[in-house]
Amino acid sequence: MRTARRRAARAGEHGFLLAVALVSLFPLYVMLVASFQRATSLSGSGLLPTLDPTFENYTEVWNEFGFDRMFVNSTILSLSSAAIAVLLAAGAAYGFTRFRFAGRGVLLVALIGTMAIPPIVVIVPLFVMMSDLGLVNEMSSAIIVQAGLNVPFATFLLFTYMRELPHELFEAAEVDGASRWRQFVEIALPMSVPALVTTMVICAMYAWNELLIPLIFWQTEQLATLMVGLAVLAPGRSGAQDIPLLMAGVTISVLPLAIAFLVGRKALVRGLVEGGER
Amino acid sequence: MASVALRDARKVYPNGVEALCRIDLEVGDGELVVLVGSSGCGKTTALRAVAGLEQLSSGSVEIAGADVGATTAADRDVAMVFQNYGLYPHMSVARNVAFGLRARRVPRDEQRERVLRIAKALDIEPLLDRKPRELSGGQRQRVAMGRALVRDPRVFLMDEPLSNLDARLRVQMRGEIVRIQRELGTTTIYVTHDQVEAMTMGQRVAVMDRGRILQLATPEELYEMPANVFVARFMGSPPINLLLGEIVADGAGLACRLGQTLVRLPPSLVAAWPDIGAYAGRELIVGVRPDAFELGAPGDPAGLPGRVYLVELLGSEWLVHVEVEARAPSGDDGGGALPTWDAAGDGQGRLSGRFHAAQRAAAGDGVTLVLDPGRLEFFDRDSGDALVRAAVPERAADAATGS
């Protein structure tokens with residue numbers, strides 16, 4: 001009796017989870033199915049896999065719309081801004097965990113508080129600043145801005161991890177004669193690798209999906225990113241939407257992140273949920 | 001090699017807790033001093049103050065006669081072994097051991113040579129390429145020792161380094177640490193809460209309680225002549241038994257009344273405790289070591305009547321616990337040094353004694369305890385301090401004659 005009830009409850013849980021999974025996967029399904037269809041055949045049976053799939057949309061969007069260049073730009077923006085943010089945040093997080101100084105708490109709260117400020121609020125002053133520096137339409141501008149906007153979040157994530165690293169290790173290193181810098185490089189950083197990887201991936205993901213910043217700071221076609229390209233593609237060339245073409249573009253832009261997530265899923269989750277204590 | 005001194009050292013934490021209350025401690029060049037006490041007594045704080053991991057609120061730390069208060073831990077040239085070993089989990093054993101040498105920019109060849117030498121000495125050579133997580137507790141402990149030894153520091157500081165090991169390994173490592181320390185002759189401060197470790201390892205032992213050093217002496221002195229009731233209770237396993245006794249002066253001389261039993265104090269004992277006569281008519285705390293009495297037949301008029309309530313086998317000996325017709329001191333006695341010692345809290349006198357199998361008794365037996373007056377300890381009931389003792393030779397002679 002009891003087992004039957006438990007089995008029914010388990011079936012209910014699984015049913016619910018399956019439903020959630022289906023709802024979540026549905027847009028991806030539509031994206032994939034549509035991207036292999038011809039513009040003309042989409043109407044009517046758009047939600048069913050086509051019997052006559054085509055790669056044309058991919059080749060067109062890649063070659064004619066410059067998605068190859070955009071892909072490179074997106075990669076540069078994501079990786080370099082994430083690397084800079086993680087590097088700065090690691091130093092800041094180490095400082096907050098290992099140093100006791102006046103105003104430490106206030107500074108930490110202020111830094112984390114900036115996470116609540118939407119980027120659009122600061123975009124105008126940032127633009128003015130960058131244009132004064134003559135950096136608009138330079139590679140560095142969007143990278144610096146993107147990295148800067150990610151630093152508070154990255155610091156917060158790394159701080160919560162590093163705070164849990166055993167104090168004894170740093171004390172042992174101190175007694176052993178290691179400088180603060182050596183403690184950072186040889187102990188704090190290597191012991192925080194799971195968190196560093198997770199933070200790097202999340203920051204890269206934010207940058208990859210960012211539209212506003214590259215749109216404003218990289219205004220030339222040469223510097224357009226995938227998100228900018230999709231935004232341009234969305235209304236269609238002649239005003240009418242070319243859904244399969246758009247979906248091919250979306251697939252290209254989603255693929256690297258999806259692969260990265262599938263490969264590093266376990267490490268990513270570990271970095272998020274675990275502290276440094278082991 | 002260097003001497004170490006804490007002078008008038010006081011440490012108050014931001015939350016107001018006074019971890020060290022103006023303590024003075026001198027550790028001679030090459031000496032091994034053990035700081036022992038229950039948790040929160042300030043022993044680790046004292047050690048960390050010497051290491052430079054804790055800043056004193058006032059007072060000073062001296063190493064080799066120089067005040068090192070303004071020096072960082074890195075510049076004090078001390079090595080520390082931590083309770084949880086403090087091994088870097090991402091580094092191999094070899095890199096762990098060599099860490100201090102790298103930090104001090106010792107040339108690579110010399111690093112390698114010194115690590116190998118220490119690894120051989122500690123028998124960890126086959127482990128050099130392993131990570132700490134692949135080692136057993138005992139092996140980790142050795143690696144932590146190796147990391148401290150390889151630097152050849154002026155002072156070793158050890159913070160309960162054996163507390164995570166099982167009992168057998170602990171005994172083995174205890175001997176090994178003492179051997180290495182004697183061989184190298186490095187000044188060592190060793191912190192533990194285990195009085196057996198303290199007694200067996202320390203050339204001198206400082207018993208600490210609530211931020212104070214209650215007594216700093218050799219293990220023999222601590223056991224034979226405890227300065228107060230706390231030290232007496234702390235050193236020795238099983239601990240000393242405590243009863244309330246009244247000093248009675250009558251025509252026959254001095255006696256100590258425990259419950260209804262009058263224990264005659266022979267003149268040699270009175271000479272050994274010159275102040276005891278002044279306590280006539282007053283109560284004091286009487287300490288009875290577990291081996292300072294024998295089980296007599298019930299009804300022996302010279303003995304303390306009681307009833308056995310528990311018998312434990314220790315191996316070659318039996319531990320016999322007896323409820324006696326005498327009172328135990330309460331938490332308020334002895335200057336509040338024994339707030340938790342009387343677990344039952346009912347004022348019932350209880351004695352635990354160690355006996356060979358021949359003297360075994362069974363639970364429920366009525367017995368008489370025949371005390372050896374020469375081995376009794378006397379403490380002031382209010383302060384908990386031991387009564388003033390006569391010069392040591394006299395007392396030793398008393399003990400030898402059993403009078």
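A residue counts as buried if 20 or more other C-beta atoms lie within 10 Å of its own, with C-beta atoms placed from the backbone. By that criterion, 43% of the 403 residues in chain B of this predicted model are buried.

| Property of chain B | Value |
|---|---|
| Box filled by the C-alpha atoms, along the principal axes | roughly 80 × 45 × 40 Å |
| Secondary structure | 10 helices and 20 strands |
| Buried share of residues | 43% of 403 residues |
| Share joining residues at least 24 apart, among contacts between residues at least 6 apart in sequence | 70% |

Helix α2 of chain B, spanning residues 93–103, is mostly covered, with nine of its 11 residues buried. The buried positions in α2(B) are V93(B), A94(B), N96(B), V97(B), A98(B), F99(B), G100(B), L101(B) and A103(B). Their packing partners come from both chains: α3 (108–122) and α4 (137–149) of chain B, and α8 and α9 of chain A. After α2(B) comes R105(B), which has a positive phi, near 55°.

The contact between the two chains involves 15 residues of chain A and 17 residues of chain B. On the side of chain A that touches chain B, the elements giving two or more residues are α8 (167–175) and α9 (180–191) of chain A. Helix α8(A) supplies the largest share of that side, seven residues. Sorted by class, the side of chain A that touches chain B holds eight nonpolar, six charged and one polar residue.

Key. Residues numbered from 1 in each chain as written. Chains lettered and ligands numbered in written order. Predicted model: local features only at pLDDT ≥ 70, side-chain atom pairs only at ≥ 80, totals over all residues. Contact = placed C-beta atoms within 7 Å. Helix = DSSP H or I, 4+ residues; strand = E, 2+ residues; numbered from the N terminus. Nonpolar A, V, L, I, M, F, W, Y, C, P; charged D, E, K, R; others polar. Buried ≥ 20, exposed ≤ 12 C-beta atoms within 10 Å, placed from the backbone.
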